[in-house]
Amino acid sequence: MSNNPTKNPIWKELEAIGNTYHSKTIQGLFDANNTRFETHSLRSIGFFLDYSKQRITNDILAKLSQLLTEHGFETKRDAMFKGDIINNTEQRAVLHTALRRPSNDVVEVAGENIMPAVHGALNKMEAFSDSVRDGSHKGVTGKVIKNIVSIGIGGSDLGPRLVSEALIKCAKPQDKILNTYFVSNIDGDDIESAFAQCDASETLFVVISKSFKTQETLTNALTARQWLKDNLPEGADIAPHFVAVSSNITTVEAFGIHSDNIFPMWDWVNGRFSLWSAVGLSLCLQHGFDKFRALLDGAYEMDQHFLTTNLKENLPVLTALIGVWNRNFLNFSTLAILPYAQSLLYFPAFLQQLEMESNGKDVDYDGTPITDYKTGPVMFGEVGTNGQHSFYQLLHQGSDITPCDFIGVLNPDTSLPNHHELLLSHMLAQGQAMMQGRQNPDKPYQYFHGNRPNTTLLMDTMDAHSLGKLIALYEHKTFVQGVMWHVNSFDQYGVELGKELSQKLENKDLSDADSSTQGLFAIITK
């Protein structure tokens, strides 16, 4: 059978069904099935998923599941967990899941069990973060470390930033939290903002770059090094104020970071899936290793669910198949991520990288251009209720339909329960309005078509363990969709061309530049 999913007869069946569903209403699906909410929802491992407001039936999901199976999903899933080389363009295994597995598991890469190295890194992270938090690791002047500045970009920034914000919002009064700042942008305003809030003698920088050559990260690290030299006693050893997460030991040591303060990165962990590695060191420093361990344990619980649960009750598989149905058979090109939890402030940005960098591809796994079906949708979002006063106008009355993922928390640890009741009432009202609309208004501009698909995902609680499950759910959803679309979800060659051209411009090489770029370059370098 062809690897092109459109050549499968089931795809053709789904296309025919999809053509009829453009005229069907979600309300009509409810009218035809008075138990639709019960038959199109699922409770599992601390989540409740309601997909009854999607233009989909369980019969359609069964066909999508069959299509997924016929494209080797189970075999490919097991190959990923086992450590086979599934990132074929870079010849790498994909083993972010190994980072949260128990120490007595065996996962081999090139014949070597990597689990001792994984847990050795975790032990080192725990020991170092404990030494900073208990004050035994001090700055060069003898002061304890009070400020953490994490320098990274992309996957080295978005994951830790998301979790940092979430854990701050759900922290208890007795929790010890170190001041932590994230610097990613090469715009000097970003790092200067961190400097303005820190005392050099009490500040530790965590520099995260696998190659230790990422331009934005290295530029910010060099600026941080100079800031320390300028603000510590002359000739002071700045080594106690720097640690690195990298695989390029030689270059890190040449920068001035001691080998004892270098934490590993492996080529079998892709950047946007790297939160679970030493990339999460700043979280251990900020919140304590026990919180990071709980995050890993939550992700591991979702891994086991993904591996062992049948497809019709498998949360990552269900969410992925609904997304494929919307993208490929109902032709919806966007997806809104709408968390009704301030703790998930950075979740939409995190998912933008996770899904759009993974599955934003127009060449398939075999190197064949994709011309007859669509891959990853455009993703955007904002926390509710802020988004309601921003872009929801387009969600309700825009000429394009945007499916929505609402995410809420059932039992937050809050001292303001009335606020939470109002928050969730807004979330439910938005989902209802998107489905039902308003067809008989007094004025035409108050008309709402409705019939806008949306899913609601409810988390029992918001804590490190639950957050780990949530992030892993969307990681696995991304993988499932990559299997369906027959793309390599673990490379990102699309980000390289801009980097290459920027390096030429830095060197004033305009040989490949068009006249517009040449004209703009002349203006900004005048």
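Gln 91 sits in the loop that runs between helix H5 (73–82) and strand S3 (108–109); helices (H or I, at least four residues) and strands (E, at least two) are DSSP runs, numbered from the N terminus. The model is a predicted one, in which local features need pLDDT of at least 70 and side-chain atom pairs count only at pLDDT 80 or more, while totals for chains, interfaces and linings use all residues. Residues are numbered from 1 along each chain as its sequence is written, and side-chain values use heavy atoms, with hydrogens and water left out.

**Backbone features**

Although Gln 91 is not a glycine, its phi is positive, about 55°. Gln 91 counts as exposed because its relative accessibility is 54%; buried means under 20% relative accessible area, exposed over 50% and partly exposed in between (1.4 Å probe, protein chains only).

Ala 110 also has a positive phi in a residue other than glycine, with a value near 55°. The loop that holds Ala 110 lies between S3 and strand S4 (112–113). With a relative accessibility of 84%, Ala 110 counts as exposed.

The peptide bond joining Gly 384 and Thr 385 is cis, with omega about 10°. Thr 385 belongs to the loop between strand S11 (378–381) and helix H15 (392–397).

**Residues in strand S5**

Strand S5 covers residues 147–151 and includes Asn 147. Asn 147 has a relative accessible area of 4%, so it is buried. The side chains of Asn 147 and Thr 203 are joined by a polar contact of 3.4 Å. A polar contact is a pair of N or O atoms within 3.5 Å; within protein, one must be able to donate a hydrogen and the other to accept it, and residues adjacent in sequence count only if both atoms are side-chain atoms.

Ser 150 lies in strand S5 too. Its relative accessible area is 1%, so Ser 150 is buried. Beyond its neighbours within four places in sequence, Ser 150 is in contact with Tyr 181, Phe 182, Val 183, Val 206, Ile 208 and Ser 282.

Helix H12 (residues 289–308) contains Lys 291. Lys 291 counts as partly exposed because its relative accessibility is 24%. Apart from neighbours within four places in sequence, Lys 291 is in contact with Leu 167, Asp 175 and Ala 464.

Is Asn 359 buried or exposed? Its relative accessibility is 1%, so Asn 359 counts as buried. Helix H14, where Asn 359 lies, spans residues 347–359. A polar contact of 2.6 Å links the side chain of Asn 359 with that of Ser 489. Other residues in contact with Asn 359, with neighbours within four places in sequence left aside, include Thr 375, Gly 376, Thr 478, Gln 481, Gly 482, Trp 485 and Val 487.

**C-alpha separations**

| Pair | Apart in sequence | C-alpha to C-alpha distance |
|---|---|---|
| Asn 147 and Thr 217 | 70 residues | 19 Å |
| Lys 291 and Ala 464 | 173 residues | 6.0 Å |
| Ser 150 and Val 206 | 56 residues | 4.7 Å |

**The chain as a whole**

There are 19 helices and 13 strands in the chain. Its radius of gyration is 24 Å, close to the 24 Å that the globule rule gives for 526 residues, so the chain is as compact as a globular protein of that length. The radius of gyration is taken over C-alpha atoms, and the globule rule is 2.2 Å times the number of residues to the power 0.38. The C-alpha trace spans about 75 × 60 × 55 Å along its principal axes.

Of the 526 residues, 52% count as buried. Contacts between residues at least 6 apart in sequence join residues at least 24 apart in 75% of cases.

The accessible surface of the chain is about 22,600 Å², and 50% of this belongs to carbon and sulfur atoms; the areas come from the Shrake-Rupley method with a 1.4 Å probe, and for residues only the protein chains shown count as cover.

The chain has 43 positive and 60 negative charges, and their mean positions are 3 Å apart. Lys and Arg count as positive and Asp and Glu as negative, while His and the chain ends are not counted. The place of a charge is taken as NZ of Lys, CZ of Arg, CG of Asp or CD of Glu.

How values were computed
Contact = heavy atoms within 4.5 Å.
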